[in-house]
Amino acid sequence: MNIDKNDIVELIDAALAADYTRVRRAGGRIAQALSASDAETAKAIKSIIRKRGVPLKSSGYSEALPVDAKSRLPLIEEQPTPATPVFLNRENAATYASFLEDVRNVDMLVAKGLSTRLSMLISGPPGTGKTLLAGHIANQLSRPLYVVRLDAVVSSLLGDTSKNIRHVFEYTPTRNAVLFLDEMDAVAKVRDDQHELGELKRVVNTVIQALDAIDDHAIVIGATNHPQLLDPAIWRRFPYKMDMGLPDEDLRSELWKYFLDEGDNSIASGLAQLSDGLSGADIQNLAHAARRISILDSRPVSFANLAWATLQNRKGVRALPDRAETTTEQRRELAATLSQANLSGASAAKLLGVSRQAVSGYLRSE
């Protein structure tokens, strides 16, 4: 455990000043320092930080965030420190590490004439961890994460949209923050789209100009579910790119282990086989649903029920684990699916909660 004493001093000073933003940042750094040696305490601190902002705000402190001139809605909001780890494949983990290293050494790079935009564009389907990754980048750099609120930025008066975008890009560097633009295709769509109005195309030009003018030390992270819709000029403004596709088998196995709090490799391997095509968010929802039933019913997690719900989701049927035990027909279909994925009979038996002989019987009848 290596907690920086300056963070403890900062936490106390910020608490006495009723400064919620500083409390959350210092608490986040302390939780990060504790995460390796005392994961439970770190998790508890992060949970408190996420839930207890209201008392400080009600005491009179509030940060002056930029707002839309007409609606008075905030253009950005600060996101709390993420409580869930981010899971990356080898290629994305390398990009993530390289980006953090470049940010931490930006002054050295600028001095050598190697300055570059500290901008990363993350693409991928919903539920793959784009927002979570942005939160971890901000946390690793001990910076606040400001998320652009598109409902406020994109004004019904189109001329105001460009003004709002400029305001956001001018404000964020002054706070030493990470700026996160989710759903970038809403303000950076390809400009040869014949269905878009001319004013919306000028919004894209505003985004490009803002990215070009931003300070060398400013960090901008963009995310999109529809990379094919982005204007090519936007892609060129983001030197770091990451495709957060659906998790591969190894990542799915790690996700199941974490969200189930289950260290059995055979269980995780079987569920990883069944969850091909599901996102990390899908796996989290299924695992937590199974654990909730286990806790409320005071019984072990039914992996067979979880496996059946997972298989249904893979088929496109949105389902959560049931309390009722799986039927013989359901176990037979699960056994056949796992066999086709080359999962061993012993692992299939453990997942389904039956004997190896029962699994063999299911396969013979199938």
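## Ground rules

Helices (H or I, at least four residues) and strands (E, at least two) are DSSP runs, numbered from the N terminus. This is a predicted model, in which local features need pLDDT of at least 70 and side-chain atom pairs count only at pLDDT 80 or more, while totals for chains, interfaces and linings use all residues. Residues are numbered from 1 along each chain as its sequence is written, and side-chain values use heavy atoms, with hydrogens and water left out.

## The chain as a whole

The protein chain holds 18 helices and six strands. Its C-alpha atoms fill a box of roughly 70 × 55 × 45 Å along the principal axes. The chain has 366 residues, and 45% of them count as buried. Buried means under 20% relative accessible area, exposed means over 50%, and partly exposed lies in between (1.4 Å probe, protein chains only).

Contact means heavy atoms within 4.5 Å. Take the contacts in the protein chain with a separation of 6 or more: 73% of them join residues 24 or more positions apart.

## Surface and charge

The accessible surface of the protein chain is about 18,300 Å². Carbon and sulfur atoms account for 50% of that surface. The areas come from the Shrake-Rupley method with a 1.4 Å probe, and for residues only the protein chains shown count as cover.

The chain carries 44 positive and 45 negative charges. Their mean positions are 2 Å apart. Lys and Arg count as positive, Asp and Glu as negative; His and the chain ends are not counted. Each charge is placed at NZ of Lys, CZ of Arg, CG of Asp or CD of Glu.

## Helices H16 and H17

Helix H16 spans residues 328-340, and helix H17 spans residues 345-352. Their axes come within 10 Å and cross at roughly 145°. Axes here are lines fitted to C-alpha atoms, for helices over the stretch in contact, and angles run from 0 to 180 degrees between N-to-C directions. The crossing is right-handed. From H16, the contact uses Arg 331, Leu 334, Ala 335 and Leu 338. From H17, Ala 348, Leu 351 and Leu 352 take part. As for handedness, a crossing is left-handed if the near helix is turned anticlockwise from the far one by less than a right angle, and right-handed if clockwise.

H17 buries Ser 347, Ala 348, Ala 349, Leu 351 and Leu 352. Their cover includes H13, helix H15 (303-314), H16 and helix H18 (356-365). After H17 comes Gly 353, with a positive phi near 70°.

## Helix H7

Helix H7 (residues 130-140) is mostly covered. Eight of its eleven residues are buried. Among them are Lys 130, His 136 and Asn 139. Leu 133, Ala 134, Gly 135, Ile 137 and Ala 138 are also buried. Ser 142 follows H7 and has a positive phi, near 55°.

Asn 92 sits in helix H5 (residues 90-104). Asn 92 counts as buried because its relative accessibility is 6%. Beyond its neighbours within four places in sequence, Asn 92 is in contact with Met 242, Asp 243 and Met 244. Leu 211 belongs to helix H10 (residues 198-213). At 1% relative accessibility, Leu 211 is buried too. With neighbours within four places in sequence set aside, Leu 211 is in contact with Arg 117, Phe 169, Val 220, Ile 234, Arg 237 and Phe 238. Leu 211 and Arg 237 are 26 residues apart in sequence, and their C-alpha atoms are 6.8 Å apart in space.

Leu 278 lies in the loop between helix H13 (265-274) and helix H14 (280-297). Its relative accessibility is 3%, so Leu 278 counts as buried. Not counting residues up to four places away in sequence, Leu 278 touches Leu 246, Pro 247, Leu 286, Thr 310, Asn 313 and Arg 314. Asp 182 is 96 residues from Leu 278 in sequence and 21 Å away in space, C-alpha to C-alpha.

## Two loop residues with positive phi

Asn 176 is not a glycine, yet its phi is positive, about 50°. Asn 176 lies in the loop between helix H9 (158-171) and strand E4 (178-181). Asn 176 counts as partly exposed because its relative accessibility is 45%.

Glu 183 is not a glycine either, and has a positive phi of about 50°. The loop between E4 and H10 holds Glu 183. Glu 183 is partly exposed, with a relative accessible area of 45%.
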